[in-house]
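Have the sequence and the 3D view at hand as we go.

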Amino acid sequence: MPKIDKILYATDLSKNSAHAFQFATDIADKHDALIYVLNIIEELPESARSVLKNYLSDDQYQKFINRKGDLVNTIRERLTTFCDNVQKGDPQCVFRVASIDVIEGHPANDILRYAESNACDMIVMGTHGKDILSHALLGSVAEKVLRKSRIPVVVVPIPDDESEITFEI
């Protein structure tokens, strides 16, 4: 098996996405690897931005535009809670996270671009698989990443119902 030093964990921040993070931490633990956490905010067309600007106050609009910092803090808090509650046996859990990035863009393309630019050896991501007929059990983002990736991709089914492993919202 090739050496795995860097794992990209791509998350949509859903409550049950902790299932995929647990896979990432388990793989990182076995390979003494680092985890790069990525959340992508779907890029809004300029027309949608204009509508928001017209309907939101200046403060609300600025908060919306600058939400990336808030999301990074939210992710950091969720990961810390996860490591404290679920990965109690791994004191290195939090320290395995090399970076947390939130970017605006197109999810599948930017996941692949991020993995390449950070020389990641593997991608771990969850899928809700809600659109079974059109995506053959995979979400559209997971399907695109899986088809276009040049590195291994671990796709973890995310349960819809409450589960023991969740990120607190």
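A residue counts as buried when its relative accessible area is under 20%, as exposed when that value is over 50%, and as partly exposed in between. Keep in mind that the model is predicted.

With that scale ready, turn to Arg49, which at 17% relative accessibility is buried because its value falls under the 20% cut-off. Its partner is Glu104: the two side chains form a salt bridge, with N and O 2.2 Å apart. Arg49 belongs to helix α2 (residues 46-55) and Glu104 to strand β3, so this contact ties together parts of the chain 55 residues apart in sequence. Glu104, at 24% relative accessibility, is partly exposed.

Side chains of opposite charge can pair when their charged atoms come close. How many salt bridges does a search of the whole structure find? The search gives five, and two others among them involve Arg96.

One joins Arg96 to Asp29, at 3.1 Å from N to O. Asp29 sits in helix α1 (residues 18-31), while Arg96 lies in the loop between α4 (67-85) and β3 (97-105), so the pair connects parts 67 residues apart in sequence. Arg96 also forms a salt bridge with Asp32, where the closest N and O atoms are 3.4 Å apart. Here the link runs to the loop between α1 and β2 (34-42), 64 residues away in the chain.

Together, Asp29, Asp32 and Arg96 make up a network of salt bridges.

How values were computed: Residues numbered from 1 in each chain as written. Predicted model: local features only at pLDDT ≥ 70, side-chain atom pairs only at ≥ 80, totals over all residues. Heavy atoms only, no water. Salt bridge = Lys/Arg side-chain N within 4 Å of Asp/Glu carboxyl O. Helix = DSSP H or I, 4+ residues; strand = E, 2+ residues; numbered from the N terminus. Buried < 20%, exposed > 50% of the residue type's maximum accessible area, 1.4 Å probe, protein only.
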